[in-house]
Amino acid sequence: MRRFSLYLLSLLVLSAAASAQAQNPGTAKEYLKRGITRFSKGDSDGAINDFNKAIELNPQMAEGHFNRGKARRAKGNLDGAIEDYERAMELDPRLTSNNRDITQAYTNRGFIRANQFDIDGAISDFDKAIHVSPNDADSYIKRAEAHLIKGDFQDALMDFDRGIALNPPSSSASLAYAGRGFTRLLQGNEDEARKDFDKSIKLNNEGRIFLELHLKILETQIKEMQRRRAAEQQRVA
């Protein structure tokens, strides 16, 4: 009976130890694994805490930075996510090559910066998105629009051409043709512009009004960029 009691006590001790280990992982890989599990269950805060611990234990773990970036992006911390993605790229370029999460993080921030008229910052983000995913048509199209807003028509045309050549979905292709047509119109090439507008309308499923609104927004942004540039030149003079 005494031996049986000791046996039960040993089982309880081992069980408690295993439970404690599960609650408090001891290695970076264990924290990483638990963080990934927590993130998959929607617990972004818990996941970030685990990834923090994994990185603290092993700062060279690319997977820790990459997965914390995903969790930070899910929380709306785009700058923090990109900071982690860039660290992961430094540590293991293969892990991040052609990664959709990283590409979208850059294009999303680039889009935000473009709408804030930080055009150079936007172009820089689109450059980085293309570096990660060289065949991402959306990144080329968004960079083309940024060049267009800035007034760099030739660079805009080159990027619209590249985006279209990558055969994007019809909705993206429609915007690319519309943007290229608008660029050509501003250059005085009305015949080629008309051809692009016709292609854009054929590909668009949301109607002509949507395209007209999109081009009106671009036109407004171009004018605002010109106004800011003129005001800056006047201030410097």
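## A helix pair to start with

The angle between two helices is taken between their N-to-C directions, on a scale from 0 to 180 degrees. With that in mind, look at α10, which spans residues 153-165, and α11, which spans residues 170-186: in this predicted model, the two pack at an angle of about 155°, and their axes are 9 Å apart. Because angles over 145 degrees count as roughly antiparallel, α10 is roughly antiparallel to α11. The crossing of the two helices is left-handed.

Which residues do the meeting? On the α10 side they are Phe-153, Ala-156, Leu-157, Phe-160, Asp-161 and Ile-164. Facing them from α11 are Ala-176, Tyr-177, Gly-179, Arg-180, Thr-183, Arg-184 and Leu-186. Sorted by class, this contact of α10 with α11 has eight nonpolar residues, two polar ones and three charged ones.

## The protein as a whole

Stepping back, you will find 13 helices and zero strands in the protein.

The chain has 237 residues, and 41% of them are buried. Now take the contacts between residues with a separation of 6 or more: 51% of these join residues 24 or more positions apart.

In soluble globular proteins, nonpolar side chains tend to be buried together. Here, the largest nonpolar core has 24 residues. Within this core, the residues that touch the most other members are Ile-119, Leu-148, Phe-160, Phe-182 and Leu-218. At least two residues of the core come from each of α8 (119-132), α9 (137-150), α10, α11 and α13 (208-236).

Setting aside residues up to four places away in sequence, Ile-119 touches Ala-114, Ala-146, Ile-149, Lys-150 and Met-225. There is also a second, separate core, made of 12 residues, and Tyr-85, Met-89, Tyr-106 and Val-132 are among them.

## A buried asparagine in a loop

One last stop is Asn-204, found in the loop between α12 (190-203) and α13.

What does Asn-204 touch, leaving aside its neighbours within four places in sequence? Asn-204 is in contact with Ser-174, Phe-210 and Leu-211.

Conventions
Residues numbered from 1 in each chain as written. Predicted model: local features only at pLDDT ≥ 70, side-chain atom pairs only at ≥ 80, totals over all residues. Heavy atoms only, no water. Helix = DSSP H or I, 4+ residues; strand = E, 2+ residues; numbered from the N terminus. Parallel < 35°, antiparallel > 145°, perpendicular 65-115°, else oblique. Left-handed = near helix turned anticlockwise from the far one by under 90°. Contact = heavy atoms within 4.5 Å. Nonpolar A, V, L, I, M, F, W, Y, C, P; charged D, E, K, R; others polar. Core = buried A, V, L, I, M, F, W, Y, C linked by side-chain atoms within 4.5 Å. Buried < 20%, exposed > 50% of the residue type's maximum accessible area, 1.4 Å probe, protein only.
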